[in-house]
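Keep the viewer open as you read.

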Amino acid sequence: MKILAIESSCDETAASVVEDGRTVLSNVVASQVKDHIIYGGVVPEIASRMHATAISGVVKKALEDANCTLDDIEAIGVTYAPGLIGALLVGLNFAKGLAYSLGKPLVPVHHLRSHIAANYITSPDLEPPFLCLVVSGGHSHIVAVNSYTDFTIIGKTRDDAAGECMDKSARAMGLDYPGGVNLDRVSKEGNPKAYKFPHPKVDGSKYDFSFSGLKTAVVNTVHNAKQKGEEINVPDLGASCIDTVAEILTGKTMEAAEEFGFTKIALAGGVSANSRLRAKMTERCERNGYKLYMPRLDLCGDNGAMVGAQAYYEYKSGNRASLDLNAFATMPIDEKI
């Protein structure tokens, strides 16, 4: 079956036509990165307005690229949570209008579930159950994927997400938005052991993360150097920051895999594109004899294809939404509407 999927949770307006959950017929993304650079981050009001301007054209292009019409579409999948509420509402209301006018089912898709589903496109042999590390600018989760629509949260961040930690650290170093991407780029030649940073732990929660203290430590390192008139070696500092984040994420994921008996491990989310994290996860999984799955780089960021992949399995499980479906800025991955 062909599903038209729509994604607008942050600063990418995206649409895709996906067949049977694994075959991508089109994948169109209109990025707003250049429009937010001058502000050093995403401005929610601007993002919402740009989604409203772009969404009609993006959906039309997705249908054209897939060489199909709305009559060929059997369901409309859409991200409804979590994300920027104004941005989500643009995509959701557009999808609701299409579903109503066409008489097609509306399939609600959780944003983090769809990031995990990006792996189904990259690796057609991947099937649940498996363990997934989901890392992005707003989320850091270790999730047991019990089935395509059943998830158990094993660990999550208590404060800042890994991506936010790297974004804010990059900004303190004077790097442009998107910080995490630029930090990864400039730190490739840096010494990851040049600066020693803490590995915060959460009392009583073995697999939960805390990146607020690490972010503060990096920012303070920059500020202290400026106050003393010292030069900061940005590649070294960036490499040390990323290496610390990657080691924390990888270490806890490996511990969880051993304790809960998982031998299939997946990586998902925007931060899954980080070169140091991918290398560290690859090395540790090979050492432990685990099979590692990672999405293609073009599927790490927000896109419609991942929404279409997850929408297929939500549809197959009987998950439908009525036209009074609302958007939610926050919602756990294991919650059902």
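Is Phe130 buried or exposed? This is a predicted model, and in it Phe130 has a relative accessibility of 0%, so Phe130 counts as buried. Tyr120 is also at 0% and counts as buried.

These two residues form a ring pair. A pair of aromatic rings is described by the distance of the centres and the angle of the planes. The structure holds 9 aromatic pairs. For Tyr120 and Phe130, the centres are 6.3 Å apart and the planes meet at 80°, so the pair is edge-to-face. Tyr120 belongs to helix H4 (residues 111–122) and Phe130 to strand S6, so the pair ties together parts 10 residues apart in sequence.

Tyr120 has a further partner. With Tyr148 it makes an edge-to-face pair, 5.1 Å from centre to centre and with 75° between the planes. Tyr148 sits in the loop between S7 and strand S8 (150–156), 28 residues from Tyr120, and the pair links distant parts of the chain. Ring pairs join Tyr120, Phe130, Tyr148, Tyr312 and Tyr313 into a cluster.

Rings also meet charges here. Arg320 lies over the face of Tyr315, 3.8 Å from the ring centre. The charged end of Lys291 sits over the ring of Tyr293, at 5.5 Å from its centre.

Now turn to the nonpolar interior. In soluble globular proteins, nonpolar side chains tend to be buried together. The largest nonpolar core here has 43 residues, and Phe211, Leu249 and Ile265 have the most contacts inside it. The elements giving two or more residues to this core are S6, S7, H5, H7, H8, strand S9 (264–268) and helix H9 (275–288). H8 gives the most, with 11 residues. Another core lies apart from this one; it has 32 residues, among them Met1, Ile3, Ala5 and Ala268.

Ser140 is found in strand S7 and is buried, with a relative accessible area of 0%. The side chain of Ser140 reaches the backbone nitrogen of Ala162 at 2.8 Å. Ser140 also touches Val134, Gly155, Thr157 and Phe209, among others.

Just after H5, Gly174 takes a positive phi of about 90°.

H5 also carries a charged pair. Lys168 and Glu164 form a salt bridge, with their closest N and O atoms 3.2 Å apart. The two are 4 residues apart in H5, which means they are separated by about one helical turn. Both are partly exposed: Lys168 has a relative accessible area of 36%, and Glu164 has 24%.

The whole structure has 15 salt bridges. Lys280 counts as buried at 16% relative accessibility, as does Asp243 at 9%. Lys280 forms a salt bridge with Glu247 too, at 3.4 Å between the closest N and O atoms. Glu247 also lies in H8, so this pair ties together parts that are 33 residues apart. Glu247 counts as partly exposed, at 27%. Lys193, Asp243, Glu247, Lys280 and Arg284 are linked in a network of salt bridges.

Terms used. Residues are numbered from 1 along each chain as its sequence is written. This is a predicted model: local features need pLDDT of at least 70, side-chain atom pairs count only at pLDDT 80 or more; totals for chains, interfaces and linings use all residues. Side-chain values use heavy atoms; hydrogens and water are left out. A nonpolar core is a set of buried Ala, Val, Leu, Ile, Met, Phe, Trp, Tyr and Cys residues joined through side-chain atoms within 4.5 Å. Buried means under 20% relative accessible area, exposed over 50%, partly exposed in between (1.4 Å probe, protein chains only). A polar contact is a pair of N or O atoms within 3.5 Å; within protein, one must be able to donate a hydrogen and the other to accept it, and residues adjacent in sequence count only if both atoms are side-chain atoms. Contact means heavy atoms within 4.5 Å. Rings of Phe, Tyr and Trp (its six-membered ring) pair if their centres lie within 6.5 Å; planes under 30 degrees apart count as stacked, over 60 as edge-to-face and the rest as tilted. A charge sits over a ring if NZ of Lys or CZ of Arg is within 6 Å of the ring centre and within 35 degrees of the ring normal. A salt bridge is a side-chain nitrogen of Lys or Arg within 4 Å of a carboxyl oxygen of Asp or Glu. Lists of a residue's contacts leave out its neighbours within four places in sequence.
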